[in-house]
Amino acid sequence: MRHLIRQCAFLALSLMVLGFIKQCSLFGASNLQRQASASISRQQILARSIQRSAAAMAFINPRQVVKRIVAHEQPEGDGAVVRRSIGRPELRQLDPFLMLDYFTVSPPAGFPDHPHRGFETVTYMLEGAFTHQDFAGHTGTIQAGDLQWMTAGRGIVHCEMPASTGVQRGLQLWINLSSKFKMIEPNYQELESGNIPVAEKDGTTVKVIAGESLGISSPVYTRTPTMYLDVTMQPGASFAQEISEGWNSFAYTLEGRPTFGSKGTPPIEAHTTVELSHGDGVMVWNDSDKACRFVLIAGQPLNEPVFQHGPFVMNTREEIIEAIRDYKGFRNGFERAAHWQSHPLDF
């Protein structure tokens, strides 16, 4: 059905263009020559109209912007600065997402030893490098464009610190786990930038961190079904992305001024999160004269109770109390925390 609608849209608008060209022929060769620039301009406008109209027909129920949240800077960790969007009063949670931070860190600031239980942290580096150490002996450094997908499960204690001088920037997303996965063993998925699949089409480049876009799929396994895309659009480009019905979705603008949902909607400034309505997909346009970049993220809601106390996220108040006791008592997943401390980095 969607394919038939798209074909009809192209046919109708193509006939409009043919009619325009036929009318132009009546003016004669000399008139056409004098009006060549204007005709080319009109044809370009009509061609763009065809592209936009066809794109608008790409979805039966396109998603629209329902909320905008400007991510203001706030202190976090030890001397770090974050721009938090999800996880603040305006948008406490967006099931299954618990938090989104855009972080800016310069040594000696960072995120020293701290615990987690019951969810996943997804760290995506934009600039610089970050080193991770945990009490299980896992260490690693992710550079700009690299990804770490950490499943905290029943418990992890780790640190996340700058691995080089200068400014380090990135995104950290917290994704909730369903009750059946909250107490599994910790796990890591790490991808270097060159191993993250990239799709390109008509002026749009998509790094497929999780899920699928433009026929390209990510190798990342998501226990909570998730789509995570890093999208760069050149001036004049448009982008259509299918999103599973019933999933919650949002976008965070990193650079430029993309327009989400429908034409005429005000463009979104950098460091702004937009929550999207439900539907079968979203349209994005870049009508500015500069490239834009944003992350588009969607996930299947868990529809479970959420009790959160700092780095612990469980389903009941009693489970939170137990998590705190386990951490302080070095038991039930936190045994190795008793005698562990991260090693400071020497630049």
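**Close-up views of a predicted model**

**View 1. Salt bridge between Glu-185 and Arg-154.** The side chains of Glu-185 and Arg-154 meet in a salt bridge (3.4 Å, N to O), a term that requires a side-chain nitrogen of Lys or Arg within 4 Å of a carboxyl oxygen of Asp or Glu. Glu-185 lies in the loop between β11 and β12 (187-191) and Arg-154 in the loop between β9 (147-151) and β10, so the pair ties together parts that are 31 residues apart in sequence. Strands (E, at least two residues) and helices (H or I, at least four) are DSSP runs, numbered from the N terminus. Glu-185 has 47% relative accessibility and counts as partly exposed; buried means under 20% relative accessible area, exposed over 50%, and partly exposed in between (1.4 Å probe, protein chains only). This is a predicted model, in which local features need pLDDT of at least 70 and side-chain atom pairs count only at pLDDT 80 or more, while totals for chains, interfaces and linings use all residues. Residues are numbered from 1 along each chain as its sequence is written, and side-chain values use heavy atoms, with hydrogens and water left out.

**View 2. Salt bridge between Glu-127 and Arg-169.** A salt bridge joins the side chains of Glu-127 and Arg-169 (2.7 Å, N to O). Glu-127 is in strand β6 and Arg-169 in strand β11 (residues 168-176), 42 residues apart. Glu-127 is partly exposed at 35% relative accessibility, and Arg-169 is partly exposed at 27%.

**View 3. Salt bridge between Asp-326 and Arg-117.** The side chains of Asp-326 and Arg-117 form a salt bridge (3.0 Å, N to O). The pair links distant parts of the chain, with Asp-326 in helix α4 (residues 317-329) and Arg-117 in the loop between β5 and β6 (119-127), 209 residues apart. Both Asp-326 and Arg-117 are buried. A network of salt bridges links Arg-117, Glu-322, Asp-326 and Arg-331.

**View 4. The open sheet β5-β10-β7-β8.** This sheet of 4 strands has antiparallel pairing; two strands pair if DSSP finds at least two bridges between them. β5 (111-116) and β8 (139-143) stand at the edges with a single partner strand each, so one side of each lacks a neighbour in the sheet. Strands β7 (residues 129-134) and β10 (residues 156-162) run antiparallel and are joined by 5 bridges. Thr-131 stands opposite Met-161 in β10.

View 5. His-132 is in strand β7 and counts as buried at 4% relative accessibility.
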